[in-house]
Amino acid sequence: MSVNLINTLPQPLKIASKFVIHNEQASGLSTSRFIQDTGTCLLPKAVFARSKEDLAENTFLELSESGLVYFAPGVVGSIAQKTYSKKLPSELKKMVVSDTVSLVKSNSNLKKTILPIKAAIALCSLFIPLAEFTLNYFKNLMTLKVFKKSDFNNIANLEKSHEDISSQKKVAKSAYKNISAATLAFVGALISSFVIAKKGSSSKLLQNFSELVLLPGSKLFSNNKKLEKFFNKYFSLDFAVDNGKLCLSKGQLTSTVLIGGAGYFGASKDRGRQNFLETLFRFPLVGFYIITGSELFEKGFKKLLKKMGKCKETIGENLETPSFKQVDDISSKIAREKMSSVESVYRKLAKQKVLIFGVPFLFSMGFMGFFVAGISNLFTRYRYNQGKKLNENSNIFVQEKVKTGTFGAFFC
């Protein structure tokens with residue numbers, strides 16, 4: 001990207017363009033993306049925080065979850081890659097970060113050698129969803145330790161009641177139990193990865209299992225291209241590769257949402273009915289949006305722009321868009337063809353790029369951030385009040401029956 005061209009943009013557009021550029025670069029910018037996404041998710045929850053305990057819990061969850069997504073994949077992938085490929089010749093080490101589909105179609109000897117190594121590395125990625133699973137239990141322990149609270153009704157400021165010690169011990173016991181179970185599961189994944197890496201090249205069974213880990217769609221649905229593509233994309237544990245570095249893939253993200261979701265529901269159930277119902281309302285919306293909703297929205301928005309005849313220079317036939325690095329060359333080419341200044345063309349394309357990225361981003365922050373956070377809090381308060389009113393009416397009904405002497409007859 002030309003420094004001179006971006007400096008010709010008006011200041012607001014210049015700032016927005018640089019923001020888009022940062023988001024286009026996946027590697028080397030984990031810190032900036034961590035800050036951006038954490039702010040997007042945490043800010044709405046902070047605005048709608050119902051108590052200091054609620055704010056502390058959301059801060060802990062958002063910081064730790066963003067840390068897992070933006071830092072853990074690179075660290076885990078790098079350690080696993082170095083561990084399992086250190087004995088490979090230098091030319092084969094490059095194959096470990098190659099495209100798995102191409103590798104499967106390669107000669108059988110190469111496939112026998114590399115696939116188990118890739119599968120062993122992929123199994124190590126289970127650290128991310130299993131760590132996500134434990135976060136809500138750690139959150140429960142943190143709130144119990146720091147604020148001496150385990151009842152969600154008190155944490156969400158729905159009521160102020162004395163907490164039973166036995167209930168708090170039950171929440172703590174469940175947390176320790178589930179954290180231990182997740183730890184054992186990861187130890188099992190590590191042992192499996194060592195076995196596959198060591199014995200995979202000589203075992204047909206382990207080679208088939210390796211393909212199932214890396215390409216579940218190809219292994220299970222080879223006769224159905226749609227299902228094959230879907231399962232390879234959303235259920236493979238294989239790492240994605242960006243500039244030769246391993247990073248979080250769509251399949252790993254799916255496993256993080258699904259396995260992490262089990263932790264969300266389990267930890268919320270431990271703290272009472274209202275916490276569970278709030279999770280039941282919020283998590284499916286957020287989980288679906290994280291896995292595929294944002295992608296569907298971006299695709300739909302591009303289709304709408306294309307149908308309206310907008311952003312012709314930056315939306316291709318298959319809805320692909322050039323990176324900001326490519327906008328320089330496109331601007332120069334269009335300027336030569338139309339005999340106009342490169343600066344004016346670049347300004348036009350920059351606006352298009354910001355529009356294509358900005359609307360889905362603002363939707364994410366506005367709807368999935370502020371709206372979902374606000375409406376889920378309102379629904380929780382409404383459900384609590386309705387339940388309380390129902391209990392009060394039931395008590396009044398019973399008392400009246402007792403007074404009139406018809407209570408026994410009522411059950412006859």
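Asn157 sits in the loop that runs between helix 10 (152-155) and helix 11 (165-199). The model is a predicted one. Although Asn157 is not a glycine, its phi is positive, at about 60 degrees. With a relative accessible area of 34%, Asn157 is partly exposed.

Cys311 also has a positive phi, near 55 degrees, and is likewise a residue other than glycine. The loop between helix 16 (273-307) and helix 17 (324-338) holds Cys311. Its relative accessibility is 6%, so Cys311 counts as buried.

## Cysteines and disulfides

A disulfide is a covalent bond that joins the sulfur atoms of two cysteines. The number of disulfides in this structure is zero.

For Cys124, the closest cysteine sulfur belongs to Cys247 and is 16 Å away, which is too far for a bond. Seen from Cys247, the closest cysteine sulfur is that of Cys124, again at 16 Å and too far for a bond. The cut-off for a disulfide is a pair of cysteine sulfur atoms within 2.5 Å. Cys124 counts as buried because its relative accessibility is 7%, whereas Cys247, at 23% relative accessibility, counts as partly exposed.

Terms used:
Residues numbered from 1 in each chain as written. Predicted model: local features only at pLDDT ≥ 70, side-chain atom pairs only at ≥ 80, totals over all residues. Heavy atoms only, no water. Buried < 20%, exposed > 50% of the residue type's maximum accessible area, 1.4 Å probe, protein only. Helix = DSSP H or I, 4+ residues; strand = E, 2+ residues; numbered from the N terminus.
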